[in-house]
Amino acid sequence: MTARPVRRPAAAVASLSLLALFSAGLSACESGTALPGTGDAVDEPSSSASTPATERPRLKVNVGRGATEVPVDTVLSVRAQHAVLESVSVTSPAGDVEGRLSEDAGTWEAAERLEPGATYTVRSEGRTAAGEPVQRTARFSTADLSLAEQTYASIAPLDGETVGVGMPVVVTFDVPVTDRAEFERHMHVESTPRQRGTWHWISDTEAHWRPRTYWRAGTEVHVDLDVNGVSAGGGVYGQHDREIDFSVGDAHVYRVDARTHQMQVFSNGELLRTLPVTTGKAGFETRNGVKVIIEKFDEKRMNSETVGIAAGSAEAYDIDDVQWAMRLTYSGEFIHAAPWSVGSQGRANVSHGCTGMSTADAGWLYAMTRRGDVVETVGTQGDDMTLTNGYGDWNVSFQEYRRGSAL
């Protein structure tokens, strides 16, 4: 039996003819341009029209052409398919984005994240194995962010500062960081010579880094907070990257013994002088533990009301011009000149918690002291130092301190 040919209805034949005509027109005028809504249009060499789609040379960006509200923590990438990349540029009025090509020229990845409320243009160029050019241009915009949705990092020490061997790296954020682990992955401290250390989160707005033991004298330290665009959690992102360098000076360690009323002043392990001092009297005892010089004042007003002693009480004081004052705690302990108590220095503890000495001795010590120098106090009947009352980072073991890391 001879098979009869199958006849299509006239309407179906007409539809197929129109579809073929449309396809031919698309190949002639818009080769390789995806239909609206695909989100990943590519530009291909003209010869690709006869090549199966899975084998066509393509340059693919991980953000769709024309995308809006792109998160700022997006790390841009471009991937070549059946081609190699020759160049990628990412430009924006908010600043260009640098990146790196892989060794095989198959991919490009941005070295930084994006800025909020910005429009970016990605231009990629590549070449097929036959030498034909492949190009792609894509534009997109990022989500805008309010200041409440961005957190800015401040760093102590200051860039270029020389500090003492007890100085921690102190980072404070103006908006809380709730995803501490993600931020900590982008917070780096490097030192020469290398010294092992760790981050410790005091709170969602403050993180410290310290080495296992006091810094070695002469260490050079580089701090790199690569947090711009990093998610801080809760819809908050890092506002700017921050980098600083600081140096560690001579190892100054001041050992105060409240029982003998003496301070031994060591520099790089050598005892320079032993100074008579007075510390806190009963009811106002100086804290035991390791303290670090936080800040210095050649002259400072000291008022008892700032430490909870009411004006007009028997213990009240208000002195305008206390000389050579160096802060040890946020709660109000200082080393300073105390000419009014010289008769008790070296003999008795008569202060309200500060470590007092003669004006001459205080001036000598002040001149050699840097922020970050160490004061080790023993022999008082007072409370012990805590991590958070100043730079109290040295009052727990390194193992316990490391437990404050988010990683």
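## Cis prolines

Pro157 sits in the loop between β9 and β10. In this predicted model, a cis peptide bond joins Ala156 to Pro157, with omega at about 5 degrees. Thr192 and Pro193 are also joined by a cis peptide bond, and omega there is about 0 degrees. Pro193 belongs to the loop between β12 (187-192) and β13 (197-203).

## Positive phi

Most residues other than glycine have a negative phi, and most peptide bonds are trans. His261 is not a glycine, yet its phi is positive, at about 60 degrees. His261 lies in the loop between β19 (252-257) and β20 (262-267). Is His261 buried or exposed? His261 is buried, because its relative accessible area is 12% and the cut-off for buried is under 20%.

Asn268 has a positive phi too, near 55 degrees. Its place is the loop between β20 and β21 (270-276). Asn268 counts as partly exposed, because its relative accessibility is 43%, between the 20% and 50% limits.

## The chain as a whole

The protein chain has four helices and 27 strands. Of its 407 residues, 45% are buried. The chain exposes about 20300 Å², and carbon and sulfur atoms supply 49% of that area.

Among contacts between residues at least 6 apart, 64% join residues at least 24 apart.

## Salt bridges

Side chains of opposite charge can pair when their charged atoms come close. How many salt bridges does a search of the whole structure find? The search finds 14 salt bridges.

One of them joins the side chains of Glu161 and Arg371, at 2.7 Å from N to O. This pair links distant parts of the chain, 210 residues apart. Glu161 is in the loop between β9 (153-156) and β10 (162-163). Arg371 is in the loop between α3 (359-368) and β27 (374-378). Both Glu161 and Arg371 are buried.

Another salt bridge joins Asp318 and Arg301, again through side chains, at 2.7 Å from N to O. Asp318 lies in strand β24 and Arg301 in strand β23 (residues 295-303), so the pair ties together parts that are 17 residues apart in sequence. Asp318 is partly exposed, with a relative accessible area of 43%.

## Around Glu333

Glu333 forms a salt bridge with Lys291, with the closest N and O atoms 2.7 Å apart. The two residues are 42 residues apart and link distant parts of the chain. Lys291 is in strand β22 (residues 289-292), while Glu333 is in the loop between β24 and β25. Lys291 is buried. Glu333 counts as buried because its relative accessibility is 4%, against a limit of 20%.

Which residues form a network of salt bridges with Glu333? Arg287 and Lys291 are linked with Glu333 in that network. The backbone of Arg287 also takes part: its nitrogen lies 2.9 Å from a polar atom of the Glu333 side chain. Leaving out residues up to four places away in sequence, Glu333 touches several others, including Thr286, Met326, Leu328, Gly353 and Cys354. The C-alpha atoms of Glu333 and Gly280 are separated by 9.6 Å, although these residues are 53 apart along the chain.

## The largest pocket

Rolling a probe the size of a water molecule over the atoms shows where empty space is left. The largest pocket has a volume of about 730 Å³. Its lining has 33 residues. Which of them lie nearest the centre? They are Val307, Tyr317, Gly332, His352 and Cys354.

Strands β23, β24 and β25 each supply at least two lining residues. The largest share comes from β23, with four residues. Cys354, which lies among the residues nearest the pocket centre, is also one of those in contact with Glu333.

## Ser405

Ser405 is in the segment after α4 (398-402). Ser405 is buried, because its relative accessible area is 17%, under the 20% cut-off. A polar atom of its side chain lies 3.1 Å from the backbone nitrogen of Leu407.

What does Ser405 touch beyond its neighbours within four places in sequence? Ser405 is in contact with Glu184, Thr198, Trp199, His200 and Trp201.

Note on methods
Residues numbered from 1 in each chain as written. Predicted model: local features only at pLDDT ≥ 70, side-chain atom pairs only at ≥ 80, totals over all residues. Heavy atoms only, no water. Salt bridge = Lys/Arg side-chain N within 4 Å of Asp/Glu carboxyl O. Buried < 20%, exposed > 50% of the residue type's maximum accessible area, 1.4 Å probe, protein only. Contact = heavy atoms within 4.5 Å. Polar contact = N/O pair within 3.5 Å; in protein donor to acceptor, adjacent residues only side chain to side chain. Areas by Shrake-Rupley, 256 points an atom, 1.4 Å probe, with all protein chains shown as cover. 1 Å grid on protein atoms, 1.4 Å probe; cavity = no way out; pocket = protein on both sides within 12 Å on 5 of 7 lines; lining within 4 Å. Points joined across faces, edges and corners; volume = space filled by probe spheres on them.
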